[in-house]
Amino acid sequence: MKVGIGYDIHRLVEGRKLILGGVELEFERGLLGHSDADVLTHAVCDALLGAAGLGDIGRHFPDTDERYRGISSLKLLAEVGELVAGKGYRVGNIDAVVVLERPKLAPRAGEMASNLARTLGIDPGRVNIKAATNEGLDAAGRGEAISAWAVAGLFSGEKDDSDPDPDSDCD
Ligand code: MG
């Protein structure tokens with residue numbers, strides 16, 4: 001099994017949509033970035049790339065490349081999923097935390113998990129999304145930015161880890 005970590009932060013500005021995990025949230029500001037600036041999906045991409053030993057999102061999708069201007073980050077995640085599969089890995093699980101003061105993320109967290117899971121072609125039960133406030137501290141706490149952390153576990157080989165090994169005495 002391989003484990004990877006991802007972190008990202010984007011500034012909150014006026015005149016942009018707020019998109020997290022492919023879900024557009026109602027809010028008076030949105031995240032600034034070259035793509036749709038979906039900070040959660042970016043952190044998940046980095047966790048997956050890290051676990052597979054494939055570098056980071058900036059290496060695969062540079063923000064100087066016009067092809068990625070305004071792109072849905074779910075499209076980047078789909079490509080990351082293909083890169084990870086191409087190295088012979090299957091996604092075991094993804095866990096992520098989004099750090100923000102507002103808006104409330106919990107009511108839409110299930111939708112975000114479903115979007116990420118569907119994009120990766122995995123069971124939604126393998127993706128967990130949660131939120132934390134920063135208690136008014138630092139940029140996320142002051143509402144100037146939203147950050148996200150993610151970890152991803154990958155398995156190698158063909159065996160389905162959800163099935164107990166029928167030959168094992170340890171079941
Ligand atoms: Mg980013």
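Biologist: As what does Trp149 count at 40% relative accessibility?
Modeller: Keep in mind that this is a predicted model. Over 50% would be exposed and under 20% buried. Trp149 has 40% relative accessibility, so it counts as partly exposed.

Biologist: What is the relative accessible area of Tyr7?
Modeller: Tyr7 is found in strand S1. Tyr7 is partly exposed, with a relative accessible area of 37%.

Biologist: How many residues apart in sequence are the parts that the pair of Tyr7 and Trp149 ties together?
Modeller: The structure holds two aromatic pairs. Tyr7 and Trp149 form a tilted one, 4.4 Å centre to centre with 45 degrees between the planes. Tyr7 lies in strand S1 and Trp149 in strand S7, so the pair ties together parts whose separation in sequence is 142 residues.

Biologist: What kind of pair do the rings of Phe61 and Tyr68 form?
Modeller: Their centres are 5.3 Å apart. Planes over 60 degrees apart count as edge-to-face. The planes of Phe61 and Tyr68 are at 85 degrees, so this pair is edge-to-face.

Biologist: Are Phe61 and Tyr68 buried or exposed?
Modeller: The cut-off for burial is under 20% relative accessible area. Phe61 and Tyr68 are both buried.

Biologist: Which element gives the largest share of the nonpolar patch?
Modeller: The patch lies on the surface and is formed by Met1, Val3, Ile5, Tyr7, Ile9, Trp149 and Val151, with about 700 Å² of accessible area together. The elements giving two or more residues are strand S1 (2-13) and strand S7 (145-156). The largest share, four residues, comes from S1.

Biologist: How far apart are the end C-alpha atoms of helix H1?
Modeller: H1 covers residues 39-51, which is 13 residues.

Biologist: How many residues of H1 are buried?
Modeller: The buried ones include Val39, Leu40, Cys45, Asp46 and Ala51. H1 is largely enclosed by the rest of the structure, because the buried count among its 13 residues is 12.

Biologist: Which residue with positive phi follows H1?
Modeller: Its phi is near 70 degrees. The residue is Gly53.

Methods:
Residues numbered from 1 in each chain as written. Predicted model: local features only at pLDDT ≥ 70, side-chain atom pairs only at ≥ 80, totals over all residues. Heavy atoms only, no water. Expected span 1.5 Å × (residues − 1). Buried < 20%, exposed > 50% of the residue type's maximum accessible area, 1.4 Å probe, protein only. Patch = residues over 30% accessible without salt bridge, like charges linked within 9 Å, V, L, I, M, F, W, Y side chains within 5 Å. Areas by Shrake-Rupley, 256 points an atom, 1.4 Å probe, with all protein chains shown as cover. Salt bridge = Lys/Arg side-chain N within 4 Å of Asp/Glu carboxyl O. Phe/Tyr/Trp six-rings, centres within 6.5 Å; stacked < 30°, edge-to-face > 60°.
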